[in-house]
Amino acid sequence: MSNSVKPGPVVRPGILEIAAYVGGESKVEGVDRVIRLASNEGALGPSPKAVAAYQSIATEIHRYPDGHSGALRQAIAEAYDLDPARIVCGTGSDEIITLLARIYAGPGDEVLYSQHGFLMYPIAAKSVGATPVAAPEVNLTANVDALLAAVTPRTKLVFLANPNNPTGTYLPAREIERLHRGLPSHIVLALDAAYAEYVAENDYEAGVALVNSAENVIMLRTFSKVFALGGLRLGWGYAPATMVDVLNRIRGVFNVCSAAQAAGAAAIADRDFLDRSRAHNETWRPWTHKALEDLGLVVTPSVANFLLVRFPDAIEYNAENAWEALKTRGILTRKMTSYGLPSYLRITIGTAEEMQATLAVISAFLRA
Ligand SMILES: *Cc1c(COP(=O)(O)O)cnc(C)c1O
């Protein structure tokens, strides 16, 4: 009998280079009431109307969902004054990010993103065997010149989160237009506007105008942040008809579940709740920013619902130990080592009480 080893299944190129995405933690041993500031979920939780819509379909869950998310796309179109035929929904914008990589990139191709960009972009690139390429940033902000300089004949797709996670910084509309003008027309520009609803700056544009005027731009949005429906996994893209057509060919036939469709449509129609969520953030982000600066920490200016905070290098006051001190008291923030920012923590803007509790712990930590 031969004792040769039989070959095992072969994983496609790139897959084993992926460092699996690690989400924010949600539990602390021995603490009942955990304060969760690690995943940028909306501070006020979901709209009560979204919760009611979710509950209202409970007795219908034996039915397949609408495979075209028709009512949801209509609700999104009304809220943002868009053509519903050019909207495609996904199980989180993560699904659409992955689909874009599958459609437009493969082995030998490059997928471009900015240095501290969202980690799903290099993961999506590697998952299809493409090479992720990171363009350097300036002052923790995406840089159009650096992005354009990194374009090669192999570049197929550019992902740009605007505002970016985890930095919270953004590029004004004229810079996004300059980026688009500088890209060859066969390269897809995916503008990920996951935090668009929080941005109050006049020179910001989420991407609608550019999608309307170009054939190679898609805007991505999510229900996981300001609408606080992360548990349902719901996102959407707005794109030229040709791109929507391709996305509809390869997405899961029933990708968005009926609960997500119902809750999403109710959430997006609840304008009062959205206004309250924004107003809360506009109060508590500046409050938190200033309170952290008053403690001597360096805080990156953010237009989103989180802050990227730099801790001192001295080991007793560093980010790792601050994270631990917060966690011990049941407060979860996000370490930034996987983003190449080991001196930083990312802190989501939570409720008033949560921010006050967080500041009290950080203040005591820095004085110890
Ligand atoms: C949270 C986040 C997403 C993912 O959203 P889902 O819809 O939950 O998949 C996408 N992009 C950025 C920049 C994010 O921060």
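This is a predicted model: local features need pLDDT of at least 70, side-chain atom pairs count only at pLDDT 80 or more; totals for chains, interfaces and linings use all residues.

Visitor: Into which domains is the chain divided?

Guide: Domain bounds come from an automatic or database domain assignment. Here domain 1 comprises 18–45 + 272–367, and domain 2 comprises 49–269. Their C-alpha centres are 25 Å apart.

Visitor: How many residues of domain 1 are in contact with domain 2?

Guide: Contact means heavy atoms within 4.5 Å. By that rule, 29 residues of domain 1 touch 28 residues of domain 2. Of the area that domain 1 buries against domain 2, Ile18, Val303 and Tyr339 supply 29%, more than any other three residues.

Visitor: How many salt bridges and polar contacts cross this interface?

Guide: A salt bridge is a side-chain nitrogen of Lys or Arg within 4 Å of a carboxyl oxygen of Asp or Glu. The rule finds 0 salt bridges between domain 1 and domain 2. A polar contact is a pair of N or O atoms within 3.5 Å; within protein, one must be able to donate a hydrogen and the other to accept it, and residues adjacent in sequence count only if both atoms are side-chain atoms. Across the interface, 8 residue pairs are in polar contact (both at pLDDT 80 or more).

Visitor: Which element gives the most residues to the domain 1 side?

Guide: Helices (H or I, at least four residues) and strands (E, at least two) are DSSP runs, numbered from the N terminus. Helix H10 gives the most to the side of domain 1 that touches domain 2, with 6 residues.

Visitor: Which residues are closest to the ligand?

Guide: A residue is near a molecule if one of its heavy atoms lies within 4 Å of it. Of the 14 residues that surround the ligand, the closest are Asp192, Tyr195, Thr222, Ser224 and Lys225. A polar side-chain atom of Thr222 is 2.5 Å from a ligand oxygen atom, and one of Lys225 is 3.0 Å from a ligand oxygen atom. Asp94 places a polar backbone atom 3.0 Å from an oxygen atom of the ligand.

Visitor: Where are the cis peptide bonds?

Guide: Most peptide bonds are trans. A cis bond joins Asn162 and Pro163, with omega about -5 degrees, and another runs from Asn165 to Pro166, with omega near 20 degrees. Pro163 lies in the loop between strand E5 (155–161) and helix H6 (173–182), and Pro166 lies in the loop between E5 and H6.

Definitions and conventions: Residues are numbered from 1 along each chain as its sequence is written. Side-chain values use heavy atoms; hydrogens and water are left out. Buried area is the accessible area (1.4 Å probe) that two parts lose on being put together, summed over both.
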